[in-house]
Amino acid sequence: MDLQACTETIRSKVGDNSGLNATLKFDCGADGVVFVDAVAPPNTVSNENKEASCTITIALADLAALLTGQLNPMNGFMMGKLKVAGDMGVAMRLQTVV
């Protein structure tokens, strides 16, 4: 799954009102970013590199595995496959979306 496919998958999972009430960024390094603005409906998902209240640093392959259910978010965190910076509460709420 490439970055565009991950972006579309996240967009469909987030929908118009995810309830996250925050901004979130998946930082895949050289592969790019997926930025989720879920402060107010309608939520938007883009590939803009903006400041976010929570940033998850993750390899693109691991993001794809997370989105397809092959990687459990908590296991990924414990194994160091994803790192969370900023508001940990946003990352915890993300589990209900992803």
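Aspartate 62 is buried, at 17% relative accessibility, where buried denotes under 20% relative accessible area, exposed over 50% and partly exposed the range in between (1.4 Å probe, protein chains only). Its side chain meets that of lysine 81 in a salt bridge, with an N to O distance of 3.9 Å; a salt bridge is defined as a side-chain nitrogen of Lys or Arg within 4 Å of a carboxyl oxygen of Asp or Glu. Aspartate 62 lies in helix H2 (residues 60-67) and lysine 81 in the loop between helix H3 (73-78) and strand E5 (82-86), so the pair ties together parts that are 19 residues apart in sequence. Lysine 81 is partly exposed, at 34% relative accessibility. Helices (H or I, at least four residues) and strands (E, at least two) are DSSP runs numbered from the N terminus. The model is predicted, and local features therefore require pLDDT of at least 70 and side-chain atom pairs pLDDT 80 or more, whereas totals for chains, interfaces and linings use all residues. Residues are numbered from 1 along each chain as its sequence is written, and side-chain values use heavy atoms, with hydrogens and water left out.

Three salt bridges are present in the structure. Side chains of opposite charge can pair when their charged atoms come close. In one of the salt bridges, the side chains of glutamate 8 and arginine 11 meet at 2.5 Å, N to O. Both residues belong to helix H1 (residues 3-14), where a spacing of three residues separates them by about one helical turn. Glutamate 8 is partly exposed, at 39% relative accessibility, and arginine 11 is likewise partly exposed, with a relative accessible area of 33%. A further salt bridge joins lysine 50 to glutamate 48, with 3.7 Å between the closest N and O atoms. Lysine 50 is partly exposed at 36% relative accessibility, and glutamate 48 is partly exposed at 42%.

Serine 18 is located in the loop between H1 and strand E1 (23-27) and is buried, at 18% relative accessibility. A polar atom of the serine 18 side chain lies 3.3 Å from the backbone nitrogen of leucine 20. When neighbours within four places in sequence are left aside, serine 18 is in contact (heavy atoms within 4.5 Å) with Ala38, Asn43 and Val97.

The structure contains zero disulfides, a disulfide being a pair of cysteine sulfur atoms within 2.5 Å. In general, a disulfide is a covalent bond between the sulfur atoms of two cysteines. For cysteine 28, the closest cysteine sulfur belongs to cysteine 6 and lies 6.6 Å away, too far for a bond. For cysteine 54, the closest cysteine sulfur is that of cysteine 28, at 14 Å, which is also too far for a bond. Cysteine 28 is buried, at 6% relative accessibility, and cysteine 54 is buried with a relative accessible area of 0%.

Pockets and cavities were computed on a 1 Å grid over the protein atoms alone: a cavity is a set of points where a 1.4 Å probe fits but cannot get out, a pocket is an open set with protein on both sides within 12 Å along at least five of seven lines, and lining residues have an atom within 4 Å of a point. Grid points are joined across faces, edges and corners, and a volume is the space filled by probe spheres set on the points. The largest pocket holds about 200 Å³ of space. Its lining comprises 13 residues, of which Pro73, Leu82, Val84, Ala91 and Gln95 are the closest to the centre. At least two lining residues each come from H3, E5 and helix H4 (88-94), and H4 gives the most, with four residues.

Phenylalanine 77 is placed in helix H3 and is partly exposed, with a relative accessible area of 34%. With neighbours within four places in sequence left aside, the contacts of phenylalanine 77 are Leu82, Val84 and Met88. Phenylalanine 77 and alanine 65 are twelve residues apart in sequence, and their C-alpha atoms are 13 Å apart in space.

One cavity of 30 Å³ or more is present, and the largest cavity holds about 30 Å³ of space. The largest cavity is lined by Ile10, Lys13, Val14, Phe26, Leu67, Leu94, Val97 and Val98. Helix H1 gives the most to this lining, with three residues.

Notes. A polar contact is a pair of N or O atoms within 3.5 Å; within protein, one must be able to donate a hydrogen and the other to accept it, and residues adjacent in sequence count only if both atoms are side-chain atoms.
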